[in-house]
Amino acid sequence: MPDLIAYTDGACSGNPGPGGWGALMIARDGDTVLKKRELKGGEAHTTNNRMELLGAINVLETLAKPSVITIVTDSAYVKGGITEWIFGWKRRGWKTSTKKPVKNEDLWKRLDEVTQRHTVTWEWVKGHAGHPENERADELARAGMEPFKPAK
C-alpha cells in the first residue's frame, strides 16, 4: 500500500480577515511519487486558526475511502488540539480547562468526526523554514485567500 502524506497550512490577511487554506497531498511508494493533488479554498472573514483547521479537514473529507495518512502541519494549535486537548474538551462538554467555550468548536467537531474514518498520524513542522512541501501548502493557502481579499 502506498504511503499517503498531506501537508496543510492556513493563512489570513488580518486576523480576523480574508483567509485561505491549502494542502498538498502526496501518494508515495518508497521514494517514488505516485500522485500529487493540491487543494485550496478560503473565506472572506475568518481567522488563521480556522484556516489551519480547514486545511486538515478538507484533506480528510477528500479521501473517498478509509485511509492511512500522515498530516503534516505547521500549526501547534491543530496538532495539539487533535492529539491532546480534544479529549478534555469532549469530557467537559466542549469547554476548556478554565470552563470557557472551546473556540472553533464547529470545526473541531468536524475534524474529530472525519478523523474517525481514517488512521491519522499527526506531525508538526516549523513553518516558513524552507520545508518545500510546507512552503507549497503555504502558497496554496495564500492562493485560496486571494479571491476574498478586497480589491486594491
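**Tryptophans, a core and a helix**

Reader: Trp89 and Trp108: buried or exposed?

Author: Trp89 and Trp108 are both buried. That word stands for under 20% relative accessible area, with exposed meaning over 50% and partly exposed what falls in between (1.4 Å probe, protein chains only). Keep in mind that this is a predicted model, where local features need pLDDT of at least 70 and side-chain atom pairs count only at pLDDT 80 or more, while totals for chains, interfaces and linings use all residues. Residues are numbered from 1 along each chain as its sequence is written, and side-chain values use heavy atoms, leaving out hydrogens and water.

Reader: How many aromatic pairs are there?

Author: The structure has four aromatic pairs. Trp89 and Trp94 make up one that is called tilted, with 6.4 Å between centres and 40 degrees between planes. To pair, rings of Phe, Tyr or Trp (its six-membered ring) need centres within 6.5 Å; planes under 30 degrees apart are stacked, over 60 edge-to-face, and the rest tilted.

Reader: And what makes the pair of Trp89 and Trp108 edge-to-face?

Author: The planes sit at 65 degrees and the centres 5.1 Å apart, so the pair of Trp89 and Trp108 is edge-to-face. Trp89 belongs to helix H2 (residues 76-91) and Trp108 to helix H3 (residues 105-115), so the pair ties together parts that are 19 residues apart in sequence. Helices here are DSSP runs (H or I, at least four residues), as are strands (E, at least two), numbered from the N terminus. Trp89, Trp94 and Trp108 also share one aromatic cluster with Tyr77 and Trp85.

Reader: Which residues have the most contacts inside the largest nonpolar core?

Author: Leu53, Val59, Leu60, Ile69, Trp108, Leu111 and Trp122, in a core of 29 residues. H1 gives the largest share, seven residues. To count as a core, buried Ala, Val, Leu, Ile, Met, Phe, Trp, Tyr and Cys residues must be joined through side-chain atoms within 4.5 Å. In soluble globular proteins, nonpolar side chains tend to be buried together.

Reader: What does Leu53 contact, leaving aside its neighbours within four places in sequence?

Author: Leu53 contacts Tyr77, Val78, Asn104, Leu107, Trp108 and Leu111. Contact just means heavy atoms within 4.5 Å.

Reader: How do you know that the length of H1 fits a helix?

Author: At 1.5 Å a residue, its 15 residues should span 21 Å, and the end C-alpha atoms are 21 Å apart, so the two agree. The expected span is 1.5 Å times one less than the number of residues. H1 is also mostly covered, with 11 of its 15 residues buried. Arg50 is one of those.

Reader: What joins the side chains of Arg50 and Asn104?

Author: A polar contact of 3.1 Å. The limit is 3.5 Å for a pair of N or O atoms; within protein, one must be able to donate a hydrogen and the other to accept it, and residues adjacent in sequence count only if both atoms are side-chain atoms. Not counting residues up to four places away in sequence, Arg50 touches Asp106 and Leu107 as well as Asn104.

Reader: Why does Ala76 count as exposed?

Author: Its relative accessibility is 51%, so Ala76 lands on the exposed side. Ala76 lies in H2, and its C-alpha is 9.5 Å from that of Glu123, though they are 47 residues apart in sequence.
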